[in-house]
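Hi,

Here is the structure I said I would pass on. Have a look at it first, and my notes on what turned up follow below.

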Amino acid sequence: MRIAVVGLGRMGANIARRLMRGSHEVVAFDRNEPAVKALADEGAIAATSIADAAAKFEGGPRIFWVMLPAGDPTEQTIAQLTDILSDGDIIIDGGNTFYKDDIRRAKLLREKGLKYVDVGTSGGVWGLERGYCMMIGGDKDTVDLLDPIFCALAPGLGSIPRTEGRDGEDDRAERGYIHAGPAGAGHFVKMVHNGIEYGLMQAYAEGFDVLKGKASKKLPEDERFEINLPDVAEVWRRGSVISSWLLDLTAIGLAKDHNLDHFSGHVADSGEGQWTIDAAMEEAVPVYVLSAALFARYRSRVDTTFGDKLLSAMRYGFGGHVEMPQ
């Protein structure tokens, strides 16, 4: 299939590359011309503007994957596409958009004969090699039409054992992507995913902070331990019930710098943790851990700890996210 990718940043460029590896044709556009050239050198079709990208299609539907920061950049791009595209064309938002914006956009685009699909995309800078976990919202016919694209981007079955007791003909979840529901459902599931991510990261950060603090001079001398944190992270990766990809990234960060001195510990947030808590409040669902994890990030911008540095290291590890300026 031919698909235009708009936004060739850390994830957008690798999404384009993985699609090309899956034998799809990619039309590449970004305001950053060197980013477009880099993809063109690897086999993409370069576009000089969104209108030029739309002109690169022969027959329909024209498919656009928008991979830009949530908010104005995505909003403006989709508005521009709305004016250019025609009946039956498809706009995919693969960024971290607020799910209520998806619901609004889908209604507006439906009135113009356009199709809208929201894709919560997880995988960060590692997605090119590992594949992307995707949570997809939109009407069934459009999502089914796009299945070859999602299949190429997803991790696939890999070597993960099948879940005992799971059956049924639809194995998309096992291959790393799901059709979560109508427009907005994909980003809603991804939003909660990111809220959980905050909580998991905070648990690791606090745990390692306690381990590091055991050497504190505030403790009696015979109760002080100099714990080797890189070794702890490494041993927990192997057979422990708390092993995870986040722990893998923790181990990598600690192996490179035992004290994480190159991180300030001023931890940023994408906004999705707050959206998750907002949704929980609307539903009257208690989320003690997730809300505490978000507030801990706010606190880190005032008074940092070693655990905050570990949070920054994990965010850099999976997404290339840089810290907030001090």
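Let's start with the aromatic side chains: F98, Y99, F188 and W275 are joined into a cluster by ring pairs. Bear in mind throughout that this is a predicted model.

There are 10 aromatic pairs in the structure. In one of them, the ring centres of F98 and W275 lie 5.0 Å apart with the planes at 45 degrees, so this pair counts as tilted. F98 and W275 come from distant parts of the chain, 177 residues apart. You'll find F98 in the loop between β5 (90-93) and α5 (99-111), while W275 belongs to helix α13 (residues 272-283). F98 is partly exposed, because its relative accessible area is 22% and the buried class is for values under 20%.

Another pair to look at is F295 with Y298, which is also tilted, at 6.1 Å centre to centre and 50 degrees between the planes. Y298 is partly exposed, with a relative accessibility of 30%.

Rings also turn up under charges. K212 has its charged end over the ring of F306, 4.9 Å from the ring's centre. Likewise, the charged end of K214 sits over the ring of F225, and there the distance to the centre is 5.4 Å.

Then there is K190, in helix α10 (residues 185-213). What is the nearest side chain of opposite charge to K190? That would be E272, 4.1 Å away. K190 is buried and has no salt bridge, because a salt bridge needs the charged atoms within 4 Å. Leaving out residues up to four places away in sequence, K190 touches N96, G120, T121, S122, M135 and E272.

On to the sheet. It is open and has 8 strands with mixed pairing, in the order β3-β2-β1-β4-β5-β6-β7-β8. At the edges are β3 (45-46) and β8 (177-181), each of which pairs on one side only. Further in, β1 (residues 2-6) and β4 (residues 63-66) run parallel and are joined by 3 bridges.

Most peptide bonds are trans, and most residues other than glycine have a negative phi. Where does the chain depart from that?

- The peptide bond from G60 to P61 is cis, and its omega is near -5 degrees. P61 sits in the loop between α3 (50-54) and β4.
- S23 has a positive phi, near 70 degrees, although it is not a glycine. Look for S23 in the loop between α1 (10-21) and β2 (25-29).
- L260 is another residue other than glycine with a positive phi, near 55 degrees. L260 lies in the loop between α12 (245-256) and α13.

Are S23 and L260 buried or exposed? S23 is exposed, with a relative accessible area of 65%, whereas L260 is buried, at 0%.

That's what I have for now. Happy to go through any of it with you.

Cheers

Notes: Residues numbered from 1 in each chain as written. Predicted model: local features only at pLDDT ≥ 70, side-chain atom pairs only at ≥ 80, totals over all residues. Heavy atoms only, no water. Phe/Tyr/Trp six-rings, centres within 6.5 Å; stacked < 30°, edge-to-face > 60°. Helix = DSSP H or I, 4+ residues; strand = E, 2+ residues; numbered from the N terminus. Buried < 20%, exposed > 50% of the residue type's maximum accessible area, 1.4 Å probe, protein only. Lys NZ or Arg CZ within 6 Å of the ring centre and 35° of its normal. Lys, Arg positive; Asp, Glu negative; His and termini not counted. Contact = heavy atoms within 4.5 Å. Pairing = 2+ DSSP bridges.
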